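This briefing concerns charged side chains and their pairing. Please consult the sequence and the model shown here alongside the points below.

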Amino acid sequence: VHSIEDRIVSIYRPHVRPIPRGKDKASTEFGSKELIMLKDGYTHVYKIGWDNYNEGTLLKESVEVYKTIYGCYPGAVSADHIFGNRANRTFMKEKGIRFIGKALGRPVAMSNKEKKALQKEMRGRNAIEGKFGQGKNGYGLAKIKARLKDTSESWIMAIYFVMNLVKLAQASFLSFLLLICKAIRLFREHIFSSVLINQEISGYQQENNFQRN
């Protein structure tokens, strides 16, 4: 009743809006709200908003953006339960996309093996929460000090860009280590085969010397 739409909560940053979250630590958060997509550890920022919005209504657009980037629809989508509404499930079914989550309505009878497999797949979404935690704890995503809206969004995008660079560097370093390990293994196999050949030649020579004697 006593609410004021788009009220200013920060004189220096009037674009910042209070977003009710209902968490124990803070019932209301102030700042941006990002909708991100994660594939192979790399982050794609789809939307940065300063007002509270329903993420579930943006799943279709996010899937279409995925197709634009990679040229095809994803085989499966792992997302929060808010994305698993009936409209989104129907859309994904039409596109041949499997939604990783619990079925709507009454619980479906499943074997213990199927339940464990579903729980394992659903835990894959923890990577997104981990990406938020990485940005907040390691890169200052929760401490954006820019005052202008455009500058704040540029700062946020720069943080995700740096995290993608770190992921790329880790993948490149891992590939380099795998290449070194492969080279060492091939070198050891070559040395071992050479030793075996030398042993066979030495044994053949000793056998001939024994026959001659």
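The model is predicted: local features need pLDDT of at least 70, side-chain atom pairs count only at pLDDT 80 or more, and totals for chains, interfaces and linings use all residues. Residues are numbered from 1 along each chain as its sequence is written, and side-chain values use heavy atoms, with hydrogens and water left out.

**Salt bridges**
- The structure holds two salt bridges (a side-chain nitrogen of Lys or Arg within 4 Å of a carboxyl oxygen of Asp or Glu).
- One of them joins glutamate 55 and lysine 33, at 3.5 Å from N to O.
- Glutamate 55 lies in the loop between E4 and helix H1 (59-70) and lysine 33 in strand E3, so the pair ties together parts 22 residues apart in sequence (helices, H or I, of at least four residues and strands, E, of at least two are DSSP runs, numbered from the N terminus).
- Both glutamate 55 and lysine 33 are buried (buried is under 20% relative accessible area, exposed over 50%, partly exposed in between; 1.4 Å probe, protein chains only).
- Lysine 39 and aspartate 40 also form a salt bridge, their closest N and O atoms being 3.6 Å apart.
- Lysine 39 is partly exposed at 25% relative accessible area, whereas aspartate 40 is exposed at 58%.

**Backbone at aspartate 40**
- Aspartate 40 lies in the loop between strand E3 (33-39) and strand E4 (42-49).
- Its phi is near 55°, a positive value in a residue other than glycine.
- Most residues other than glycine have a negative phi.

**Arginine 17**
- Arginine 17 is in the segment before strand E1 (18-20).
- Arginine 17 is buried without a salt bridge, and aspartate 51, the nearest side chain of opposite charge, is 4.0 Å away (Lys and Arg count as positive, Asp and Glu as negative; His and the chain ends are not counted).
- Beyond its neighbours within four places in sequence, arginine 17 has contacts that include Asp6, Glu29, Trp50 and Asp51 (contact means heavy atoms within 4.5 Å).
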